[in-house]
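Good morning, and thank you for joining.

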Amino acid sequence: MNYYGGMAKFCYRTTFLSAALTYGIVVYKTWRARQKTGAKPATPISYLTDENVQYLLLALVWLFMPQYPIAMLPFAIYSVFHVATYTRANLIPTLMPPTKVAPAAGASPSAKPQYQQHPMSDAIGNFVKQYYDSSMSVVANIELLLWIRIFLNVIFFARRSWILIAIYTVFLRTRFAQSSHVQNSFSNFEARIDNLIGAQGTPPAARQAWETVKGLARQFHQATDVNKYINGAAAPKKTS
């Protein structure tokens, strides 16, 4: 539990090195697939909107920044589903191939043969289907809590915390624009704070401070809306 010990540091850095290599392979395979199909080269903006690229860059940030053990949790949850999906799609069909189902009586001889997947494959598929959405909500909550954790370090002038919160805010803003789970996490967080602030006995200064924070957050959201800058605002018509 001594996460600043030598072995803990080694495991921490190895975790994010492995995550960066894994996402790097996925990004490279995606790029190679586009090259083979002759698709139009992707722009830097389109690459940055790719979730795999975002987590690749984030893994590199955690690799070189001061330790935040909680940052490993989202990658651990993603790893569970990545391993489960890979096992179901590649390992099980190779090690335990599907068995051919005997045709029903009276079936046409030219009918396409039917195959039955191994029960383990179906079990993994049901697991992913049942727990994926709830797990992604957990990831979104952890990522929000992690931003709060970094912000507290900024208040206490922790080493490189200003750089880290700038990078992580960009990451979280991008995830908010793309993930309904992150949006729900922010909405639930706002509702909880509203309930706390709205309780009787809350000082008016606290309520005013919370309204100021929400106003600044909305201004930041509007100012960093990439689609607004890409699409552009409609030019006002000139009046004669």
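Phe189, Glu190, Ile193, Asp194 and Ile197 of helix H7 are in contact with Ala206, Arg207, Trp210, Lys214 and Arg218 of helix H8, contact meaning heavy atoms within 4.5 Å. By class, the residues of this contact are 5 nonpolar, no polar and 5 charged; Ala, Val, Leu, Ile, Met, Phe, Trp, Tyr, Cys and Pro count as nonpolar, Asp, Glu, Lys and Arg as charged, and the others, Gly among them, as polar.

This is a predicted model, in which local features need pLDDT of at least 70 and side-chain atom pairs count only at pLDDT 80 or more, while totals for chains, interfaces and linings use all residues. Residues are numbered from 1 along each chain as its sequence is written, and side-chain values use heavy atoms, with hydrogens and water left out.

Now the geometry. The axes of H7, residues 180-197, and H8, residues 204-223, come within 10 Å and cross at roughly 160°. H7 is therefore roughly antiparallel to H8, the term for angles over 145 degrees. Helices here are DSSP runs (H or I, at least four residues), numbered from the N terminus.

Which residues does Ser185 contact, leaving aside its neighbours within four places in sequence? They are Ala140, Asn141 and Leu144. Ser185 also lies in H7, and it is buried, at a relative accessible area of 3% (buried is under 20%, exposed over 50%, partly exposed in between, with a 1.4 Å probe and protein chains only).

Finally, Tyr132 belongs to helix H5, residues 119-155. Tyr132 is partly exposed, with a relative accessible area of 36%.

Notes
Axes are lines fitted to C-alpha atoms, for helices over the stretch in contact, and angles run from 0 to 180 degrees between N-to-C directions. Helices (H or I, at least four residues) and strands (E, at least two) are DSSP runs, numbered from the N terminus. Angles under 35 degrees count as roughly parallel, over 145 as roughly antiparallel, 65 to 115 as roughly perpendicular and the rest as oblique.
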